[in-house]
Amino acid sequence: MARPRKPLLSTERIVATAAALVDAEGLAAVSTRRLAAELGVSGPSLYNHFRTKDQILEAVADSVSAQVDLSMFDPEDGRDWRTALHDWAVSYRAALLEHPHIVPVLARGPGHRPAGLRLADAVFGAMTAAGWPPAQATSIGALMRYFVTGSALGSFAGGFPDDREAYDPADYPHLGQAHLLAERQEKVDERAFEVGLSAILAGLEVQFRALPDRPRPRR
């Protein structure tokens, strides 16, 4: 029996094709008609795998969440909670920076996405195991998601035009060097992320040490 000319349609192939479209052209590029054309199939055949375009985008978002390293939260790993949070945040941001156009979908929260839920479960589990009360562990997970997602939604440095004339000293006396930010975007944004992350973790450490009757971390 002759082999089909095109690979058979699968959930994985749909998600990979949609992810490539999002990365290249943004969320607006994804439609069932466009996806069907890219995949070389009829539009209705997509509905055997996904009922709506939003479900496809949710699956793309979850494929990005699955790229985030969670090994630092393994009880056998040995990293303390503060180091684990730092290393996880760095991995999380790196995954988002690789796929910036899908960040608005991820920012909605994990919903029913399996990888997103595993991520939330790993953070919460590690914090409670370290001795954080459940309510505060929940707040830490939310705080870290806000911070990491926000850092990937846009570039602070890239928001300044590379034009010395844009900053009249009479109006902006402290922005004489702001035109240099755009060309140093990656370094500025990376440093800002590390400064913010270090400040968050230092503040959490103070709160952790002040916990009344702090339980011993679970092994």
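**Reading the salt bridges**

Author: R34 forms a salt bridge with E38, and the closest N and O atoms of the two are 3.2 Å apart. Please keep in mind, as we go through such pairs, that this is a predicted model.

Reader: What makes a pair count as a salt bridge, and how many salt bridges are there by this rule?

Author: A side-chain nitrogen of Lys or Arg has to be within 4 Å of a carboxyl oxygen of Asp or Glu, and by this rule the count comes to 8 salt bridges.

Reader: Where do R34 and E38 sit in helix α2?

Author: Both belong to helix α2 (residues 32-39), and because they are 4 residues apart there, about one helical turn separates them. R34 is partly exposed, at a relative accessible area of 27%, and E38 is likewise partly exposed, at 45%. These two are also linked with E25 in a network of salt bridges.

Reader: Which parts does the salt bridge between R108 and E58 tie together?

Author: In that salt bridge the closest N and O atoms are 3.2 Å apart. R108 lies in the loop between α5 (103-106) and α6 (114-130), whereas E58 lies in helix α3 (residues 53-65), so the pair ties together parts that are 50 residues apart in sequence. R108 counts as exposed, at 55% relative accessibility, while E58 is partly exposed, with a relative accessible area of 22%.

Reader: What does the UniProt annotation say about residues 31-50?

Author: The unreviewed UniProt entry annotates residues 31-50 as "DNA-binding region". In the model, this span is 40% helix and 0% strand, and its end C-alpha atoms lie 12 Å apart.

Technical notes
Residues numbered from 1 in each chain as written. Predicted model: local features only at pLDDT ≥ 70, side-chain atom pairs only at ≥ 80, totals over all residues. Heavy atoms only, no water. UniProt positions renumbered as here; feature names shortened; annotations may be inferred. Helix = DSSP H or I, 4+ residues; strand = E, 2+ residues; numbered from the N terminus. Buried < 20%, exposed > 50% of the residue type's maximum accessible area, 1.4 Å probe, protein only.
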